[in-house]
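Here are some exercises to work through with the model open beside you. Try each task before reading its solution.

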Amino acid sequence: MTTNKGIADFENKIRTGVDALTISRAFLDHLFYMQGCTLMNASMNDLYMALSYTVRDRMLTSWNKEVKEIIQASTSENYKIVSYLSAEFLPGPHLANNLVCLGIMEEARKAMKNLAIDIDDILGQEEEPGLGNGGLGRLASCFMDSLATLNIPAFGYGIRYEFGIFDQEIDNGWQIEMTDKWLKFGNPWEMPKPEFSQQVFLGGYTESYADAEGKYCVKWNPNRVVKGVPYDTPIIGFGNKHFNTLRLWKAEAIESFDFNDFNIGDYYAAVDEKVSSETITKVLYPNDETDAGKQLRLIQQYFFVSCSLKDMIRQHFFINNELENFHKHYTIQLNDTHPSIAVAEFMRLLLDDYHKSWDEAWNITIKTFAYTNHTLLPEALEKWRIDIFSNLLPRHLEIIFEINSRFLVEVDKKFPNDGQRKTRMSIIDETGPRYIRMANLACIGSKKINGVAELHSELLKNHVLTDFYELWPDKFKNVTNGVTPRRWVAVSNQNLTRLISKKIGKDWVQNFSTEINKLEKYAKNKDFQTAWQKVKLDNKKILAKWIKKNTGIKVNTEALFDIQVKRIHEYKRQHLNVLHIISLYSKLKENPNLKIPPRVFLFGGKAAPGYFIAKRIIKLINSVGQVVNNDREINDMLKVVYLPNFNVQTGHITYPAADLSEQISLAGKEASGTGNMKFTMNGALTIGTLDGANVEIREEVGEENFFLFGLKVEEVLAQKKYGYKPWEYYESNQDLKKAINQISSGFYSGGDTEIFKPLVDNLLRWDDYMVLADFESYVKCQEKVSKAYLDQENWTRMAILNVARSGKFSSDRSIADYAEKIWEI
């Protein structure tokens, strides 16, 4: 006789069991009851949704237990939650990562095989959430992974963009932007929490008054109110069943339908509030060339910050009834300047909603926030015009004026009679049209300020934020970025994962920083080298198959795979890479017997839709490829391929296949970089400048295992100071001159001499990122690369050492540093 307990145990096992048979039963249940179909008529998306729900079931038990434990722990004086505010999150596909972190990838593979389904086909079905533009969003997601893996309670707060970063198509060599409809088939990982919705005020005016005790108060009378609805996604730690929450906010109207307008026939007016409210979270980074675009970006930033702060306070009041100790239980990390309006919004909440005095509110604020700066480019330090800001956030402008006034008094005390310093440090830029400097607000309102690589942090102290460093030297810290080895090795490079685990065990996946160096002793082992080379070749074959399918280009998998994948920007210098390709192609034409290994040059990345020169660089890469790839005389010695729509999913097959990692930005321009770390973890050698985290990668892997070229930061600054003349480099280097002349002549553009003229003119007249100055050094370094690759035994040894010595670049180490240096957890 079956008891109720027996039935309950069976149902519970269906939800939580991790053997192949139970997984297959649960999968079929979800296929039938959630998707409304069977194996006979299921689409690939049905299969993906059913397996995702099956995996999610196995996550929710631990996730709900985690939430309960956090609530219980919050009664303790010692608990602290990290709130990570970021305008971008690029989590990548969830299914494979969750299977790996739960430790059930192989059982799930067996379960699907038992049903005659290839799990890799299901994994390929997932739509990637394009909620970020590149490194910033990917870093935020790596940090969420590591926070969970290290058992640190955390919430990631951001925006649930309906349409993310655009899908990129390449048409006749040009980038074409297509709408990223990542939600078109549904998202099985997110759970809406409408009961935790928040209201956000915009516009209107303020009025001051005295309360019953004669205290000065301010009331904000907005002319618009928007609702923020949270959507939660569980973020799993590896091997420990610890979960954190990614909470993304969607904008909705308070009232989405006006029945009166509808009844009188004004159907557009009936839904106007719904349309205008939902526009806030429609698109990642709206074009801000117009005032309307600028307003929308500011609204986006304020919207998610306001919702998030109110949500933290709600959770705090669940256990604590006082805000004076808020900073003891919450630390708020500002991921770059986008969320820095949080400083003013938190002050507004404390002053106006909770009636704290200014000194009380400021004391709580400056003990709560920490600010990560991610850039050395002045244009990336956000500023808002006063008129736009005051129209949207009148109360915040008053608060910022007051913060600034009190701050400048402090500056004057430390540096009396230094008017220029006060002008530079003021939150208000009054050197022309008045702007609010958001980076200055973040610096003033935060307890700690950190850069993201040792070089970057020094440049912040000595150049970008010098005045703030001289005022508050103890505020400044360095936390070098890192990437998660779960996503970027265990998930994306399963061939290498199995090989490493066979030699040093499986602990390295969870404890990469301390365990991966055990691999070093096998660097000279001939059998291990042979196995390593096979893994690399197999990974190249996977990428080659993808290239053939998506571009029609057939590549030689025995060739050196030379890869540069990152956002397309002049400072990242993809055009330096192209100039080398043109030069090498010319040399091969002159001497077909040139002793070099065959090379496949691979590029990938997106240019901002309005970035004219960057889009020309994409066209140049494809135009050069069109000529080189169709030249039978060079007999496949060179291929040039542009990987369309590069994203996390494409990265899964790109980083493992790389032999050479191109990290060639001008010294002093890249804050850190994280692609460099992904390549290193996957056994690619780096050719790079002393920029960003390249400096530390070279220190860790060994100078002899890194191909260094280019000007140093001091040399760059000296040339800029005394007048850099790119034309002189053009005239003095015949290879460079020939390459540029070929571009100008239309050789790579079907005789069109105008198409690349803006790019060439820019290089010869200004060359802001000193491409021509570094060309000769880069070409000579590439010659060393070619020579080194011909010695496969030594190249493999260097590749193994790169992986074995990459432990520092795990995001687990980064988060441990934040916990110690910044958050005091």
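Rings of Phe, Tyr and Trp (its six-membered ring) pair if their centres lie within 6.5 Å; planes under 30 degrees apart count as stacked, over 60 as edge-to-face and the rest as tilted. This is a predicted model, where local features need pLDDT of at least 70 and side-chain atom pairs count only at pLDDT 80 or more, while totals for chains, interfaces and linings use all residues. Residues are numbered from 1 along each chain as its sequence is written, and side-chain values use heavy atoms, with hydrogens and water left out.

**Exercise 1. Find the aromatic cluster that includes Y84.**

Solution. Apply the ring criterion above. Y84, F143, Y818 and W823 come out as one aromatic cluster.

**Exercise 2. Classify the pair F326 and F346.**

Step 1. The whole structure holds 27 aromatic pairs. In the pair F326 and F346, the ring centres are 5.3 Å apart and the planes meet at 45 degrees, so the pair is tilted.

Step 2. F326 belongs to helix α12 (residues 326-329) and F346 to helix α13 (residues 342-353), so the pair links distant parts of the chain, 20 residues apart. Helices are DSSP runs (H or I, at least four residues) and strands are E runs of at least two, numbered from the N terminus.

Step 3. F326 and F346 are both buried (under 20% relative accessible area; exposed is over 50%, partly exposed in between, with a 1.4 Å probe and protein chains only).

**Exercise 3. Locate the positive phi values of Y285 and E824.**

Step 1. Y285, a residue other than glycine, has phi near 50 degrees. Y285 lies in the loop between α10 (272-278) and α11 (291-319).

Step 2. With a relative accessible area of 21%, Y285 is partly exposed.

Step 3. E824 is not a glycine either, and its phi is about 55 degrees. E824 belongs to the segment after α36 (811-823) and, at 57% relative accessible area, is exposed.
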